[in-house]
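Opening the notebook on this one.

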Amino acid sequence: MALEIERKFLVVGDDWRAEVSRAARMRQGYLSREAGRASVRVRVEDDRATLNIKAAVVGSARAEYEYAIPVGEACELLETLCVGRLEKIRHYIERDGIVWEIDEFTGDNAGLIVAEVELSAVDQAFVRPQWLGRELTDDRRYYNHHLALHPYRSWDADAH
């Protein structure tokens with residue numbers, strides 16, 4: 001089984017921007033609502049597209065499978081079959097041998113910036129950058145599937 005081990009954090013301030021090595025614009029959508037055993041996502045990132053299947057569990061480790069698909073088909077799926085969509089710019093930062101992915105959401109999720117780090121073990125130690133805020137790994141509201149169906153802009157201000 002393919003296993004993703006990932007931790008997620010809010011980003012505070014703008015100091016992280018000076019460390020970005022590259023960025024990619026992403027559009028993605030989900031083919032199912034949240035109540036299932038897995039989320040099925042279609043993503044278009046620049047000139048490539050993927051179909052992704054992830055176990056619908058909260059936490060740092062979960063099953064994940066990803067497959068390349070034709071960009072035209074991905075765009076068609078996004079427009080015709082997805083029940084929730086979102087857009088973001090993913091910024092990449094390499095630091096202390098680890099790649100951080102900073103997702104700067106746009107559209108209905110504008111204002112939300114989240115950092116994700118993929119690890120090789122659940123208990124892997126890493127140096128916390130100064131721009132890392134509170135951990136969101138166990139908060140379902142900040143998962144992309146949830147954000148696609150319940151955009152950040154629609155949340156009560158106290159829920160942030």
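**Pocket**

I started with the lining of the largest pocket, where S4 gives the most, with 5 residues. I'm working from a predicted model, where local features need pLDDT of at least 70, side-chain atom pairs count only at pLDDT 80 or more, and totals for chains, interfaces and linings use all residues. Numbering runs from 1 along each chain as its sequence is written, and side-chain values use heavy atoms, with hydrogens and water left out.

For my own reference, a pocket is an open set of points on a 1 Å grid over the protein atoms alone where a 1.4 Å probe fits, with protein on both sides within 12 Å along at least five of seven lines; lining residues have an atom within 4 Å of a point. Volume is the space filled by probe spheres set on the points, which are joined across faces, edges and corners. Strands (E, at least two residues) and helices (H or I, at least four) are DSSP runs, numbered from the N terminus.

I got about 490 Å³ for the largest pocket. Its lining has 32 residues, and Glu4, Arg41, Arg43, Lys54 and Glu64 are the closest to the centre. Elements giving two or more residues to that lining include S1 (3–11), S4 (48–55) and helix H2 (144–149). I sorted the lining into 18 charged (Asp, Glu, Lys, Arg), 8 nonpolar (Ala, Val, Leu, Ile, Met, Phe, Trp, Tyr, Cys, Pro) and 6 polar (the others, Gly among them).

**Cores**

Next I looked up nonpolar cores, meaning sets of buried Ala, Val, Leu, Ile, Met, Phe, Trp, Tyr and Cys residues joined through side-chain atoms within 4.5 Å. Buried is under 20% relative accessible area, exposed is over 50%, and partly exposed is in between (1.4 Å probe, protein chains only). The largest core has 15 residues, with Trp16, Trp100 and Phe126 among those with the most contacts inside it. S1, S7 (98–105) and S8 each give two or more residues to this core. A second, separate core of 12 residues includes Leu10, Tyr30, Phe105 and Ala148.

**Single residues**

Ala23 lies in strand S2. Is Ala23 buried or partly exposed? I read 45% relative accessible area, so Ala23 is partly exposed. Beyond four places in sequence, Ala23 is in contact (heavy atoms within 4.5 Å) with Asp46, Ile89, Arg90 and His91.

Asp46, in the loop between S3 and S4, has a positive phi of about 55° although it is not a glycine. I noted a positive phi near 55° for Asp96 too. Asp96 sits in the loop between S6 and S7 and counts as exposed because its relative accessibility is 56%.
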